[in-house]
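Please look over the sequence and the fold below. A short report on the chains and their packing follows.

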Amino acid sequence: MSYSDKVIDHYNNPRNVGSMDKNSGDVGTGLVGAPECGDVMKLQIRVNRDTNVIEEAKFKTFGCGSAIASSSLATEWVKGKTVDEALAIKNMDIVKELSLPPVKIHCSVLAEDAIRAAIGDWKKKQATAKPEAVAVK
Amino acid sequence: MSTDVKIPQELGHTQIPTPKGVKLPIYMDNHATTPMDPRVLEEMLPFFMEKFGNSASRNHSFGWTAEEGVETARERIAKLVGATTKEIVFTSGATESDNLAIKGVAEMYREKGNHIITAVTEHKAVLDTCKRLEKYGYRVTYLPVQKDGLIDLEDLKRAMDDKTILVTIMAANNEIGVLQPIAEIGKLCRERGVIFHSDATQAVGKVPIDVNKQNIDLLSISGHKMYGPKGVGALYVRRKNPRVQISAIIDGGGHERGMRSGTLNVPGIVGLGKACALASEEMSHEAIHLAALRDRLRDRIMNRLDETYINGTMEHRLPGNLNISFAYVEGESLLMGINDIAVSSGSACTSATLEPSYVLKALGTGDDLAHSSIRFGIGRFNTEAEVDYVADRVTETVERLRELSPLYEMAKEGINLKDVKWAGE
């Protein structure tokens, strides 16, 4: 299988590899996939609770080159977006950007799931936090 | 950016310079296929343009010369496995030989019984043939294997009944290199009057095979796994003690004593013969050399990395095979990082489904470790310098990918991954 140049680039130079403190109130963590499937992505976001803008994103992935590239790209794309804007990211956008072949589309789906899971986790934290800490929109 | 010219893909950071005498890319996937030995090619060449006759042409020297080439090859193949020339049938390869052996016995001995025994780790050429026979009303038992990859002879004994007409078990496994107890299986089959076929594709020319000492009735042989040409193979069919008969699966002219019709691939056969002759001479010292290289590769990798696991027993194994799982790192991403080295992976990503290697699964290897496996096949033309380079590149890539891996992170934090409730399950 030949990879697109962009997939190769993300593989060689992955963006935003790392971890954030998942116990922090402004961090959302999404852990998706399963080792048995050969794909596990952890995507974390730090959101400014006043502006709802994702200021930082980090990822770690167990998976093939396309999975690594999809999650690396996902961290690039969510940075600077508001939480709602990030929710609008669709897996087919990732497929197009990375020129993923049909057999690798599931990698992009997992990346989209990871974004949603991270945002979902962050939102849950805001809901259970003290009222003053929740941004009023 | 112009995409008219195919730009070679630069992949994988490496701090390791290419050592002297090492040409990239390195081929270390000798279970998939092997480069042809130059001596084999030399032997074949006259049969394309000068000695080009049809070996079945009885009436002129072109045919006789071709026939001579074929018969010399037949002798060489027979010698390598301890057979007589009349027992060697030429085919297009081991897949055809497997089909011929299994379907040929099934059809010929239908009155006697309809039960076939094989193992779950067989090559698809055997498994898919058995599946087809199941559709035709045959009963097939797929024996499990133990953690080390070997079948349990007690399981085989228990599975045999009075309708069993064939046992088919491979001599050496293509993924994990494990050698089944062929002589014992053969003995058991002989005692029970059951025909024993062995797919010896990966074994012939690498470990000693003797159809009489090992009580083998049918044996599949492949050219391109032993430095010979692709598209040619052979099937050994026992003629004495007992006589085994098979129905042909290809009709048309009755070549090969009626067992396999079709004009013979003379150059291919000559090549297969030469490959066997070379193996007869060189196999024993080559095996020692390959095992040393393989052990060097294993030690160089496993001494530097933790949580690496060898799949299959080291004790009964092809000398050039190594199959290692690297925990927390997925196989295809590992291959991507060592793109100047040709090996293969048990990861599902390299197949069309999300299922990892069925052979590794049969060993009881968890799916995650099956996804993390790499198969190395060291062969005649690999060198020590290549082995060292491969070991270092693999190690460096695994280390890099573990930095990227959430599983490695969790394991280091002391989390037992088996206890985690995964979102994707």
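Which pattern does chain A follow, read along the sequence? The pattern is α-β-β-β-α-α-α-α.

## Basis

This is a predicted model: local features need pLDDT of at least 70, side-chain atom pairs count only at pLDDT 80 or more, and totals for chains, interfaces and linings use all residues. Residues are numbered from 1 along each chain as its sequence is written, while chains are lettered from A and ligands numbered from 1 in the order in which they are written.

## Chain A

Chain A has 5 helices and 3 strands. Helices (H or I, at least four residues) and strands (E, at least two) are DSSP runs, numbered from the N terminus.

The C-alpha atoms of chain A fill a box of roughly 55 × 25 × 25 Å along the principal axes. Of the 137 residues in chain A, 48% are buried. A residue is buried if 20 or more other C-beta atoms lie within 10 Å of its own, exposed if 12 or fewer, and partly exposed in between; C-beta atoms are placed from the backbone.

## The largest nonpolar core

The largest nonpolar core has 156 residues. Such a core is a set of buried Ala, Val, Leu, Ile, Met, Phe, Trp, Tyr and Cys residues joined through C-beta atoms within 7 Å. A:Ala114, B:Ile77, B:Val81 and B:Tyr236 have the most contacts inside this core. Helix α8 (residues 266-302) of chain B gives the most to the core, with 13 residues.

A:Ala114 touches A:Gly30, A:Val32, A:Met41, A:Leu43, A:Ser71 and A:Ala74, not counting residues up to four places away in sequence. Contact means C-beta atoms, placed from the backbone, within 7 Å.

Strand β2 (residues 88-91) of chain B is covered on both faces. B:Ile88 and B:Phe90 are buried on one side, B:Val89 and B:Thr91 on the other. β2(B) runs antiparallel to strand β8 (residues 233-237) of chain B, joined by 4 bridges. Strands pair if DSSP finds at least two bridges between them. B:Ala234 in β8(B) is the bridge partner of B:Phe90.

B:Ile301 lies in helix α8 of chain B. B:Ile301 counts as buried because it has 22 C-beta neighbours inside 10 Å. B:Ile301 and B:Ala275 are 26 residues apart in sequence and 32 Å apart in space, C-alpha to C-alpha. Not counting residues up to four places away in sequence, B:Ile301 touches B:Thr308, B:Ile324, B:Ala391, B:Val394 and B:Thr395.

Key:
Two residues are in contact if their C-beta atoms, placed from the backbone, lie within 7 Å.
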